[in-house]
Amino acid sequence: MTVPPEEVERIARLAHISLDPDSLQTLTREVGAILEYVAQLEHVEAADAEPFRPGPAKAPLRPDVVRPGGKPPLPAAPKFSDGLYLVPKVGRLDDTG
Amino acid sequence: MTWETVIGLEVHVQLATRSKLFCDCSTVFGDDPNANVCPVCLGLPGALPVTNREAVRLGVRAALALGFAVHRTSLFARKNYFYPDLPKGYQISQFDQPLASRGALEIESADRGDVSIGLTRLHLEEDAGKSLHDRFPDQTALDFNRSGIPLAEIVSDPDLRSPAEARAYLTTLKQILQYLDVSDCSMEEGRLRVDANLSVRSAGQEALGVKQEIKNMNSFATVERSLDYLRLSQIQTLEDGATVEPNTFSAATGTLRVMRTKEASHDYRYFPEPDLPPLEIGRDWLDEERNSLPELPRALCARLGEQYGVPSYDAGVLASTRALADYFEQLAGAGVDGRTAAHWVMGSVLQDANENKGVLRVAPTRLAALIHMVGNRQVSLQTAKRLFPELAVTDEAPETLAARLEVIQIDDEDQLSEWVRTVIETHPDELSRFREGESKLMDFFMGRVMKTSRGKADPKRVQQMLLDELGR
Amino acid sequence: MTTAYEAAQLAAARIEAAESSGLNATIAFDPEVLLRQGREVDARTTPSRLGVGGLPLAVKDNICTVEYDTTCGSRILENYRSPYEATAVSRLKAAGGMVACKSNLDEFAMGSSSEHSAFGRVRHPVDAERVPGGSSGGSAALVAAGAVDAALGSDTGGSVRQPAAFCGVVGLKPTYGRVSRYGLIAFGSSLDQIGVIAASVQQAAAVLEVISGRDERDSTCADVDPIDISLDRQDLDGIVVGLPAEYFPSDLDPVTRKACDRAVDAMRRAGAVTRDVSLPHARLAVPCYYVIAPAEASANLARYDGVRYGARVTGQEGGEGVDDLAAMYRATRGAGFGAEVRRRIVVGTHVLSSGYYEAYYTKAQIARGRITRDFTAVFDGGVDVLFTPTTPTTAFKAGELLGDPVAMYLGDVFVCAANLAGIPAISVPIGRANGLPIGGQLMAPVFAEQTLLNVAQVMERVVDGDHELR
């Protein structure tokens, strides 16, 4: 169940990670090996499947109270002006992978 | 060829909570940018979500009022995509186990009469921040005040058959949500957002046509107009023998512009949110909310008509908001008959409210007292209407106010007779002319008496007396 | 009688010495920062609960602190100063704990060797050519080197226990939900727990007591009081120790097996009854873990985009030649993330994508359920604790497994099941092979840390962890 380099490249694009051609090749090989290894899960029977999540059985709910004392300290932003965070103009970011 | 239009609506409504869905930041609108943020809603490393009970409660109430089956167990899920106003790179939403499914909304369709629109689901999710594309050149500016604000997403089945029905759906939905105090549904302040999808098919065809979507509409009128335009455009395309492209349009500029071509392969890779255990709504809680729902608009409207004998159009106006309906009922409860109360509420009260940001300034008991003064002929209806806005700016009882302004009518018989006789005696010429047939001189005599009394004479009594005297 | 300041001085000197010897176990360390905390603890009127002189601890660099930056061993968070500290750290400080330094780790806690750090690999305290294990390798090395008596680590698939075993110290992973994750930078949200690495079981228990307990900032933290541990067992009378067959495969390293046999004998002599048991779905643990953990990680790491904090690389600098937002994202994340992180993000994104979700993620969740029920069945059947080797081998050589990710993952075969099931587990030294430590693992039912730690302490007493088993 190996994935072709185009698929790895597509996923890297989807995850917004740049890759040079060498890295892409290595990554493709390694990801392929990993997916091949975990593919044994395929044989797990779906019948009688009960989901399991650790932790509390139900989400705690908090009262609708605004924190007193205003804004807590926050880290310095890479680019900031007039109280606003700035990024380069959103161009082709439509996530079509 | 007759065409059938198929429309579905997805509405996002901001729930009226004080704090955000997963953190205790304030939800107040209009504060300085990035004033209401914290590690959680900014997506700082190591921060975790904790769910707001009130947001869940409001979601449950909305779901119950809309006839949904509320799921006692539901799950939050991560909806994964990259956008600069989405701090975590995923939105905490709900996917395959939403808070509620299978609801219905009754609307009045101009074409089809009363019709029930199926509602697919209602779920909770957090809002993203706001992107400002025009503040700085070549840059997008981000304000995260809105990030993490609680939203309910309500999805309709594709049951609407015209743009007008879509508008009726929105109006009805908004009214119900306002009745519940779930949201003020202000589209201007972005607390209600609508995405619409539309397709056409030839009448009788079972299969649905290709769907197109419209986003960024800023009013119900725009929704109707945009859908109308799209409907005609699709019909034209099909009649020309071409195919409809599954485009998404933005109505932001006033005309429809293509935003995305083809349903972009948005693979959101949903999976259950591991930072939040299942959302459990206990039976007791559900019953408590169900039993404490207010009377909803339809039922209220019907009852007002029946109980107070007002025509259905009037009942509709009176029931337009819960506050107005309450006011009307209190007025009626203070001894004012239904029709009179309706007349006053639909008139003076509503007008005053519209001029004062929707505030009902005069307490119903005080208005009732004023109306009783009209009944007792202490003031004329006209005077009463003039006095009404004055009551909003004084604490005085209506009687005291009227007395102070010296508008209380005098209907003391002796006093009135004296004035009438005096006016007649001092105008012998007019008297003879009247007796000779100039009947319009009645107005003259009326005017003289009213002037003598400085407007305080009860005009009805004066008229009667003049008729008696002049008739002799 | 030491004051906190004296304890701080001692720790500072020892950390300094350890680092000068090339251990590379710290990412951030400033003696002044530690000494200042020593003075602060001494100035307080409430006595320290963590020993009379306060306790300096190394804190793994994926746990937020305000005294030092928190980098997660990654370029993308280089120079990141968290504006808040993790709940566990606050509680430690309130009890007289001191944040001595931030310890080195595999980037974003992804790894089993502490070789995947942007700030260089951590060396094994005994043999510099070898790895200390991971991902909490820095914490384990510092405790083993005697620089600190205790350290915080994080354990998602064995990252506290495995390095503890490699380095010959105690490593404890609490029940999932025992310790707040608020301020632990997320890797695998349903698997992560802050754990304790310490020179002794008692020391680990003392730290656990302080950091545990409900936290209103973490919805997955159990609504229970901080735990109170009494280590009062003199022997193992009445204790049933389960030995799962699947954890003692026929090809288990002979010296490891010998060490385990010795430990089991010692436990029997101390009064324990052993029972052969089976965890039939054990072989699914590693593949299951390596689907769920990367899946959750791929989402958890999506927030590192250079928008609101951390490093930002423009598209120009990143060689994209275009400066729109997409280019900025790709350049920032491409430059910021190391190879192992990239691998896991790609795997995680893939197993969640439509078309693959059912085959991988859904199946992994089913497997997780079965693995968990195996444990429940065994514990419900009367077993108090399970005993297994912690790792299949002793510390391997640096570089040996870097080219073969799957081989590296297989090293987690005995430890990752406890994270999947959310049960508490601890590694205790049980011997040495050519000087390299061997760890024995105990696992207990959820919230049974009292039992777990008591058995562990007896084992610590009756098994000589320094015994050379050649």
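What should helix H2 of chain B span at 1.5 Å a residue, and how far apart are its end C-alpha atoms? I'll come back to that after a word on the model.

This is a predicted model: local features need pLDDT of at least 70, side-chain atom pairs count only at pLDDT 80 or more, and totals for chains, interfaces and linings use all residues. Residues are numbered from 1 along each chain as its sequence is written, and chains are lettered from A and ligands numbered from 1 in the order in which they are written.

Now the helix. H2(B) covers residues 163-179, and because it has 17 residues it should span 24 Å, in agreement with its end C-alpha atoms, which are 24 Å apart. The expected span is 1.5 Å times one less than the number of residues. Helices here are DSSP runs of H or I of at least four residues, strands are runs of E of at least two, and both are numbered from the N terminus.

Buried residues in H2(B) include Pro163(B), Leu170(B), Leu173(B), Ile176(B) and Tyr179(B). Buried means 20 or more other C-beta atoms within 10 Å of the residue's own, with C-beta atoms placed from the backbone. Just after H2(B), Asp181(B) has a positive phi of about 60 degrees.

Chain B as a whole has 15 helices and 17 strands. Of its 472 residues, 42% are buried. The C-alpha trace spans about 95 × 55 × 50 Å along its principal axes.

Last, the contact between chains. Chain C places 56 residues in contact with 48 residues of chain A, contact being C-beta atoms, placed from the backbone, within 7 Å. On the chain C side, H11(C) gives the most, with ten residues.

Notes
Contact = placed C-beta atoms within 7 Å. Buried ≥ 20, exposed ≤ 12 C-beta atoms within 10 Å, placed from the backbone.
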